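Hi,

Here is the structure I promised to pass on. Have a look at it first, and then read my notes below.

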Protein chains: 2
Amino acid sequence: MATKHQHDHAEDDLSANEVRVLEALRDSKEPMSAYAILDRVRPSGISHPPTVYRALAGLESLGMVHRLKSLSAFVACGHGRCGGRFAFAFCRQCQRVEEISLDDEHYDDLVKLVPKDIHLEQTTLEFAGLCSACQAAA
Amino acid sequence: MATKHQHDHAEDDLSANEVRVLEALRDSKEPMSAYAILDRVRPSGISHPPTVYRALAGLESLGMVHRLKSLSAFVACGHGRCGGRFAFAFCRQCQRVEEISLDDEHYDDLVKLVPKDIHLEQTTLEFAGLCSACQAAA
DNA sequence: CTCGATTTGATACATTATATCATTTCTCAG
DNA sequence: CTGAGAAATGATATAATGTATCAAATCGAG
Ligand SMILES: [Zn+2]
Ligand SMILES: [Zn+2]
Ligand SMILES: [Zn+2]
Ligand SMILES: [Zn+2]
């Protein structure tokens, strides 16, 4: 990952690999597994899993990519970039994903749940269900 | 999984494999991977991953076991059994896990976040951090 | 330029999870 | 009771996800 210097503006300062992986994710607009990303960027020269995982780790630490733990999949941030105050809802059938921003009020309420003796570093909030379209189809 | 009949009381009606897996988890009091469980129950005759995964699926659908998606690991419900209104906090260092019950107020607040066009089926709420002991050790 | 540090590439492997088919056990109509 | 079909379990194989490790290339200070 390239050095992140003083003003961490947008997607300056991403490594070439990070840019490739991010573009793959933005193109898809659906969550992708690391290996699906690998297939997608292979033509551009990336050919090994650790390369993809490294780029994903860099992008995730910048808040530009989020990992959906329920799906073992990755998605480009719907806002370009954001900190830890987000959640996801997704349809288990069609994989449609919606990123949800948590306002301060909601987030502070959540944090109150955390036991005092744990210093919170990361919050995972994911809602799984069926979207209207998929319900209708059932 | 054995038939679950009229009064789904407690752990009547669990299959022999479910009982073995549940006891392994209760003994450990720490989250275990499916393969750690497999090692633990092997002496009792279970010897293949799908057997463990099937028992875990049954126990999870009963709410007697929860899956920690952040860790790809499983834990026995701290209350014996509970529905979808729970969360977890865990220490990324020592793996200590605490199950958190969500009261109606908190849960209803969470549900308000879900887009109207998704019928919610499952909520995942996990907090990762460092416990005081591990912070001190750092 | 040259040394050491960081980043990237490559190989190999570990871990987690599931598809599939064979076997056994259970149900219950006859 | 019996035996055909359904359901659960056992077994094998393999797929999908993720990481440890070392080698080569690149970068940056001195
Ligand atoms: Zn975001
Ligand atoms: Zn859908
Ligand atoms: Zn519980
Ligand atoms: Zn700890």
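What follows is a walk through the chain, its metal sites, the sheet and the interface.

First, the ground rules. This is a predicted model, in which local features need pLDDT of at least 70 and side-chain atom pairs count only at pLDDT 80 or more, while totals for chains, interfaces and linings use all residues. Residues are numbered from 1 along each chain as its sequence is written, chains are lettered from A and ligands numbered from 1 in the order in which they are written, and side-chain values use heavy atoms, with hydrogens and water left out.

**Chain A in outline**

Reading from the N terminus, the order of elements is α-α-α-β-β-β-β-α-β-α. The C-alpha trace spans about 45 × 40 × 25 Å along its principal axes. Of the 138 residues in chain A, 44% count as buried (under 20% relative accessible area; exposed is over 50% and partly exposed is in between, with a 1.4 Å probe and protein chains only). Among the chain A contacts with a separation of 6 or more, 43% come from residues 24 or more positions apart (contact means heavy atoms within 4.5 Å).

Which residues hold the zinc ion (ligand 1)? Its protein donors are His66(A) through NE2, Cys77(A) and Cys82(A) through SG, and Glu99(A) through OE, at 1.9 to 2.2 Å (donors are N, O and S atoms within 2.8 Å of the metal, or 3.2 Å for Na, K and Ca; water is not among the atoms, so sites may look incomplete). The angles among the four donor atoms run from 101 to 127°, and the site is tetrahedral. That label applies to four donors if all angles lie between 85 and 135 degrees; four are square planar and six octahedral if opposite donors are over 155 degrees apart and all others between 65 and 115, and anything else is irregular. For reference, the ideal angle for four tetrahedral donors is 109.5 degrees.

The sequence spacing at this site is H-x10-C-x4-C-x16-E. Glu99(A) has 17% relative accessibility, so it counts as buried. Opposite Glu99(A) in S4(A) stands Phe88(A).

The zinc ion (ligand 2) is coordinated by the SG atoms of Cys91(A), Cys94(A), Cys131(A) and Cys134(A), at 2.2 to 2.4 Å. This site is tetrahedral too, with angles of 106 to 114° among the four donor atoms, and the spacing is C-x2-C-x36-C-x2-C. Cys94(A) sits in the loop between S3 (86-91) and S4 (97-101) and Cys131(A) in S5 (residues 118-131), so the pair ties together parts that are 37 residues apart in sequence. Cys94(A) is partly exposed at 29% relative accessibility, whereas Cys131(A) is buried at 3%.

**Two loop residues to look at**

Gln95(A) lies in that S3–S4 loop of chain A, and its phi is near 70°, positive in a residue other than glycine. Ser72(A), in the loop between S1 (65-68) and S2 (73-76) of chain A, also has a positive phi, near 50°.

**A sheet across both chains**

An open sheet of six strands runs S4(A)-S3(A)-S5(A)-S5(B)-S3(B)-S4(B), with mixed pairing (two strands pair if DSSP finds at least two bridges between them). The edge strands are S4 of chain A and S4 (97-101) of chain B, each pairing on one side only. From one strand to the next the twist averages 20° (axes are lines fitted to C-alpha atoms, for helices over the stretch in contact, and angles run from 0 to 180 degrees between N-to-C directions). S3(A) and S4(A) are antiparallel over five bridges.

H4 (residues 104-112) of chain A lies across S5 of both chains, at about 115° to S5(A). H4 (residues 104-112) of chain B also lies across S5 of both chains, at about 115° to S5(B).

**The interface**

Each chain puts 33 residues into the contact. Together they bury about 2,900 Å², 59% of it on carbon and sulfur atoms (buried area is the accessible area, 1.4 Å probe, that two parts lose on being put together, summed over both). On the chain B side, Leu113(B), Ile118(B) and Phe127(B) lose the most area to chain A, together 20% of what that side buries.

Cheers

Definitions and conventions
Helix = DSSP H or I, 4+ residues; strand = E, 2+ residues; numbered from the N terminus.
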